[in-house]
Amino acid sequence: MYGEPALPEGFDHLPYANPDAPQGGRIVMGELGGFDSLNPWILKGNAPWGMRSHVFESLMGRSIDEPFTLYGLLAESVETDDARSWVEFTLRPEARFSDGNPVTVEDVMFSMQVLAEKGLPGFASSWAKVAKMEQTGPRSIRFTFSEEDRELPLILGLRPILEKADWEGHDFAQSSMRIPVGSGPYVVADAKPGRSLTFRRNRDYWGDGIGFNRGRNNLDEIRYDFFRDSNALFEAFRGGLLSAQREGDAVRWQTEYDFPAVRDGRVVLSTIPNGRPTGMHGFVFNTRRPMFADIRVREALTLAFNFDWINARLLGGAYRRIPSYFGNSPLGIEGPAGEGERALLEPFAEELPEDIFEAEEPQNGDAQGRNRRALREARKLLEEAGWSVGANGVLADTSGQPMRIDIMLRGADDEAVAGIFVDALKSLGIEARAIFTDDAQYNARRTSYDYDMMVNTWALSLSPGNEQEFYWGSAGRTQEGTRNYMGLASPAVDALIPQMLSARSMEAFTSATRALDRVLTKGRYVIPFWYTPESWIAHEATLHYPDTTPLYGDWPGFLPEVWWRAP
């Protein structure tokens with residue numbers, strides 16, 4: 001995206017892959033939830049993420065050791081002009097789908113069109129900036145853009161490439177358990193909806209010899225078993241049913257990984273550092289609900305969330321509060337707004353929070369559990385917003401309508417935190433409750449924005465771009481299926497995203513991203529949870545990963561892609 005790639009032309013392997021890793025063996029991993037579809041590119045159905053990474057490929061592949069650099073995968077070369085007003089890809093002659101058919105320009109054209117017309121909304125938004133698609137040679141295709149967006153060549157380079165012939169006679173927009181054909185290193189060997197999904201290494205995979213793949217895709221079989229909640233998943237790992245386990249519970253990591261297999265060395269505990277942004281994880285306000293339209297209400301409820309006490313009581317004190325959407329990175333807000341941020345935000349100052357240019361000072365609560373000062377401030381803000389507690393102890397607006405909040409949860413993992421938060425809200429006179437849904441209900445209601453509050457995670461990278469419009473763009477307030485779960489509609493945000501996409505320097509890009517981070521954070525659209533700058537993975541001792549770990553740490557492309565099983 002900026003500057004030059006770290007690796008030279010003809011590089012031997014990615015720095016976080018071991019080109020001498022042995023081939024063979026299998027790994028069994030656990031996933032939460034379930035699935036009822038094998039098409040991960042559409043709104044309908046619930047498809048497992050492994051379909052994206054193991055079965056399908058794109059024209060270019062991403063290195064997770066650089067903020068935003070792509071290298072040739074299905075494409076042997078890429079060409080563009082200085083303005084990035086067009087991009088041309090030339091396919092590798094050896095690239096093949098798993099059925100043996102070559103990957104052709106026709107397949108690329110079909111993929112781009114069907115994804116834009118029938119795929120996830122994010123595909124259509126970037127495709128709208130493509131003015132022309134044309135074949136320029138036997139294996140070459142050029143895309144000409146209608147507006148300035150320096151990320152577009154990379155975005156198109158990451159589009160999944162589908163086999164046109166495989167989809168003849170099938171409606172791409174319909175959810176299905178039909179096994180699709182891809183060009184990736186694995187094929188689906190077995191799929192039991194909601195229970196397990198097994199991938200088998202394609203012995204005739206075309207791409208083993210290219211530098212991007214050396215030391216990757218080492219395992220013969222990758223299996224995912226599905227569980228309703230993290231407790232069941234952990235018990236399966238402890239019982240020897242799973243090969244590796246990503247642990248997200250600090251208390252469990254500290255106290256429960258002392259079972260016999262760990263003590264005798266059959267299971268190893270590994271800590272993987274990362275330099276990626278915190279992203280955002282927390283309780284989301286759906287501002288489409290009138291009661292959350294006022295920032296004072298959102299601020300009040302944020303104050304009621306006692307992070308310090310939750311961290312001490314439930315999390316073993318092992319976490320840090322998420323400071324902002326791009327926290328823990330150079331893209332996050334730091335102190336008062338810098339000159340570049342201020343210049344971008346000043347045209348919208350009247351519509352933004354009063355403290356938009358000030359340093360962010362999160363209120364983390366009271367480790368003793370009382371949180372009295374924050375609750376007093378919360379009551380004051382609610383009163384200013386027109387909400388008061390009547391003689392019956394219920395918080396109501398000027399018309400007497402009480403504030404009632406349902407917090408939608410999936411599974412039991414956030415039950416304890418939600419319970420503490422509900423109790424805090426009740427102390428303010430709010431009628432709050434946590435409601436539990438199954439996977440199908442959760443996905444349907446999240447897609448249609450049918451909730452008051454819910455828990456969500458936005459995993460953000462060091463290379464934010466077009467996907468930010470899908471996350472925060474104003475169209476997502478009414479268009480179903482986006483990740484604008486808070487219902488944000490901000491002219492400032494809509495102006496900042498193009499600034500990010502058109503930036504010619506890292507300095508300009510950083511200013512635009514920090515300004516966006518500032519608007520999102522100061523807007524109090526999410527009550528932030530917590531993060532840790534490292535990942536915890538427990539795994540069988542015969543499973544190994546390279547000594548050099550990537551900048552992004554345990555990120556898609558790391559486990560299981562570069563791991564191997566010792567003979």
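Select Gly122: it is partly exposed, at 22% relative accessible area. Partly exposed covers the range between buried, under 20%, and exposed, over 50% (1.4 Å probe, protein chains only). Before going on, note that this is a predicted model: local features need pLDDT of at least 70, side-chain atom pairs count only at pLDDT 80 or more, and totals for chains, interfaces and linings use all residues. Residues are numbered from 1 along each chain as its sequence is written, and side-chain values use heavy atoms, with hydrogens and water left out.

**Stop 1: Gly122 and Phe470**

Gly122 sits in helix H3, residues 121-127. Helices (H or I, at least four residues) and strands (E, at least two) are DSSP runs, numbered from the N terminus. Gly122 and Phe470 are 348 residues apart along the chain, yet their C-alpha atoms are separated by 5.7 Å. Setting aside neighbours within four places in sequence, Gly122 is in contact with Arg159 and Phe470. Contact means heavy atoms within 4.5 Å.

**Stop 2: Ser58**

Keep Arg159 on screen and select Ser58. Arg159 is among the contacts of Ser58 too, along with Leu73, Leu74, Gly157, Leu158 and Ile161, leaving aside neighbours within four places in sequence. Ser58 lies in the loop that runs between helix H1 (50-54) and strand E2 (60-62). Is Ser58 buried or exposed? Ser58 counts as buried, at 9% relative accessibility. Show the backbone of Met60 next. Its oxygen lies 2.5 Å from a polar atom of the Ser58 side chain.

**Stop 3: Glu88**

Move to strand E5, residues 86-91, and pick Glu88. Glu88 is buried, with 14% relative accessible area. Which side chain makes a polar contact with the side chain of Glu88? Select Thr136: the distance is 3.4 Å. A polar contact is a pair of N or O atoms within 3.5 Å; within protein, one must be able to donate a hydrogen and the other to accept it, and residues adjacent in sequence count only if both atoms are side-chain atoms. Not counting residues up to four places away in sequence, Glu88 touches Ser77, Val78, Glu79, Thr136, Ser140, Ile141 and Arg142.

**Stop 4**

Select Tyr325, in the loop between strand E14 (320-321) and H10. Tyr325 counts as buried, at 1% relative accessibility. Beyond four places in sequence, residues touched by Tyr325 include Pro277, Gly279, Leu460, Trp472, Met486 and Asp517.

Beyond four places in sequence, Leu331 touches Asp517, and its other partners include Phe326, Ser461, Pro464, Met506 and Arg514. Leu331 lies in the loop between E14 and H10. At 2% relative accessibility, Leu331 counts as buried. Leu331 and Gly419 are 88 residues apart along the chain, and their C-alpha atoms are separated by 33 Å.

**Stop 5: Backbone geometry**

Most residues other than glycine have a negative phi, and most peptide bonds are trans. Select Asn217. Its phi is near 55 degrees, a positive value in a residue other than glycine. Asn217 lies in the loop between strand E9 (196-201) and strand E10 (221-227). Asn217 counts as buried, at 5% relative accessibility.

Now jump to Asn371. Phi of Asn371 is also positive, near 55 degrees, in a residue other than glycine. Asn371 is in the loop between helix H10 (339-345) and helix H11 (372-384). At 5% relative accessibility, Asn371 counts as buried.

Then select Leu559 and Pro560. The peptide bond from Leu559 to Pro560 is cis, with omega near 10 degrees. Pro560 belongs to the loop between strand E23 (543-544) and strand E24 (564-565).

**Last stop: the whole protein**

Clear the selection and zoom out. The protein has 16 helices and 24 strands. Its radius of gyration is 24 Å, close to the 24 Å that the globule rule gives for 567 residues, so the protein is as compact as a globular protein of that length. The radius is taken over C-alpha atoms, and the rule is 2.2 Å times the number of residues to the power 0.38. Along the principal axes, the C-alpha atoms fill a box of roughly 75 × 60 × 45 Å. Buried residues make up 54% of the 567 residues.
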